[in-house]
Amino acid sequence: MTYHPKSDFMAVMIERGFLADCTDYQGLDEALSKGVVPAYIGFDATAKSLHVGSLIQIMMLRWLQKTGHKPITLMGGGTTKVGDPSFRADERPLLTPEQIDDNISGIKKVFSAYVSYDDGPTGALMINNAEWLDDLNYLEFLRDIGRHFSVNRMLSFESVKSRLDREQSLSFLEFNYMILQAYDFLELNRRYGCLLQMGGSDQWGNIVNGIDLTRRVLDQEVYGLTSPLLTTSDGKKMGKSLDGAVWLNGDMLSPYEFWQFWRNTTDADVGRFLKLYTELPIDECDRLGTLGGAEINDAKIVLANEVTALLHGREAAEAAEATAREVFEKGGIGDDLPTIELSAEEIGDGISIVQLIVKSGLAKSGKDAKRLIAEKGARVDDDLLLNAGLMVTTEDLSAPMKLSAGKKRHALVKLAD
């Protein structure tokens with residue numbers, strides 16, 4: 001990329017690695033240089049929390065606001081009723097309006113850690129596309145909006161083509177998703193003067209659709225910018241761990257587990273992740289990313305601390321680091337480990353260690369827990385667990401019991417007061 005941007009926002013996007021593609025670099029850069037640009041990213045409300053895979057987009061909105069522009073977090077209250085077919089092998093399960101509203105209120109908690117919702121010129125807006133989608137008149141929509149879309153062109157988009165090439169069903173419901181997303185951009189431009197849509201590079205076709213529609217119907221010049229679809233250096237999709245999604249809401253994944261996810265980053269990803277997920281200066285990210293040997297572990301702790309501090313606060317990051325040191329370096333218990341509390345009634349005459357390992361989240365099923373024990377990966381209070389038939393009584397839990405799966409995953413089991 002040889003383009004030298006005038007605007008702070010484009011400079012940040014390019015030098016920190018956020019930029020995959022842009023519909024008009026120069027035009028967007030000019031607009032960003034002239035005044036406040038409202039820009040949006042859409043998030044579908046398919047779960048009560050976003051996960052780490054969405055963090056690159058959230059950081060883009062944060063940088064947008066920090067460089068003097070107006071972020072719009074668009075919640076897909078309407079589009080979630082349809083489901084985005086992009087690069088999915090199957091159709092999304094449909095949610096009820098109540099489930100969608102519940103999910104949106106869970107997701108809102110995360111955004112306020114990264115952007116400021118206020119009445120100032122750069123204050124973020126939280127908008128739900130159900131505002132305009134719920135009351136659409138189908139015939140009017142077909143006549144006014146549908147006529148601008150070419151089915152031939154829509155069939156050529158990678159997200160649709162990949163489904164059709166695999167001869168997997170693509171319902172008419174999902175096919176409409178692209179039109180609805182394009183219509184979101186038009187409405188955001190009309191209502192809020194929104195000039196830019198951002199998203200992952202898998203959204204390129206949808207973004208271009210929205211730009212074309214807004215130009216045709218409103219005769220407005222608008223822009224699109226995409227971020228790379230992130231995978232870790234070993235090819236895994238960002239946002240997934242061995243235990244499933246790495247959620248951003250603290251009630252779905254503890255700050256300690258979130259911290260631990262970043263602490264376990266592969267050496268090769270440290271420099272890149274520092275640039276994308278923290279606000280440390282570029283030079284410092286480069287310096288930390290090139291450390292070798294045992295020193296790279298110090299860089300990973302910096303990464304884990306900075307990312308956790310942005311989401312959960314500096315105190316939570318420091319507590320997580322202290323717990324990790326306590327657990328790994330001193331073999332102690334640590335105050336911040338994921339903890340389950342069991343009543344004396346639940347334990348009864350005894351509860352099997354296999355059940356405890358599953359309840360604590362260290363294994364997904366009894367079968368997994370038994371395999372962990374058989375492969376000598378399970379420990380109780382730092383001692384190797386060899387007996388899968390072990391029964392734990394209330395007496396055994398007179399002090400908290402530490403369970404471990406491998407070297408990096410731990411949980412506490414306590415007797416409820």
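In this predicted model, G193 sits in the loop that links α9 (172–192) to β5 (196–200). Leaving aside residues up to four places away in sequence, G193 touches P38 and L188. As for S7, it is 186 residues from G193 along the sequence, and the two C-alpha atoms are 19 Å apart in space.

The loop with G193 leads on to β5, and β5 belongs to an open sheet of six strands. Read across the sheet, the order is β1-β6-β5-β2-β3-β4, and the pairing is mixed. Which strands lie at the edges? They are β1 (21–22) and β4 (125–128), each of which pairs on one side only. Further in, β5 runs parallel to β2 (residues 38–43), and two bridges join this pair. In one of the pairings between them, Y40 has Q197 in β5 as its bridge partner. P38, one of the residues touched by G193, falls within the residue range of β2.

A helix also packs on this sheet: α10 (residues 204–218) touches β1, β5 and β6 (223–227). The direction of α10 makes about 170° with that of β6; with angles over 145 degrees counted as roughly antiparallel, α10 and β6 can be described that way.

Elsewhere, two helices meet each other. Packed helices in general are described by the angle between their axes and the distance between those axes. For α3 (residues 55–66) and α4 (residues 97–114), the axes come within 9 Å and cross at roughly 45°. That angle makes α3 oblique to α4, and the crossing is right-handed. On the α3 side, the residues in contact are L55, I58, M59 and R62; on the α4 side, they are V110, F111, A113 and Y114. Sorted by class, the contact has seven nonpolar residues and one charged residue, with no polar ones.

Finally, there is helix α11 (residues 255–263). How many of its nine residues are buried? Seven are, so α11 is largely enclosed by the rest of the structure.

Notes: Residues are numbered from 1 along each chain as its sequence is written. This is a predicted model: local features need pLDDT of at least 70, side-chain atom pairs count only at pLDDT 80 or more; totals for chains, interfaces and linings use all residues. Side-chain values use heavy atoms; hydrogens and water are left out. Axes are lines fitted to C-alpha atoms, for helices over the stretch in contact, and angles run from 0 to 180 degrees between N-to-C directions. Helices (H or I, at least four residues) and strands (E, at least two) are DSSP runs, numbered from the N terminus. Angles under 35 degrees count as roughly parallel, over 145 as roughly antiparallel, 65 to 115 as roughly perpendicular and the rest as oblique. A crossing is left-handed if the near helix is turned anticlockwise from the far one by less than a right angle, and right-handed if clockwise. Contact means heavy atoms within 4.5 Å. Ala, Val, Leu, Ile, Met, Phe, Trp, Tyr, Cys and Pro count as nonpolar, Asp, Glu, Lys and Arg as charged, and the others, Gly among them, as polar. Two strands pair if DSSP finds at least two bridges between them. Buried means under 20% relative accessible area, exposed over 50%, partly exposed in between (1.4 Å probe, protein chains only).
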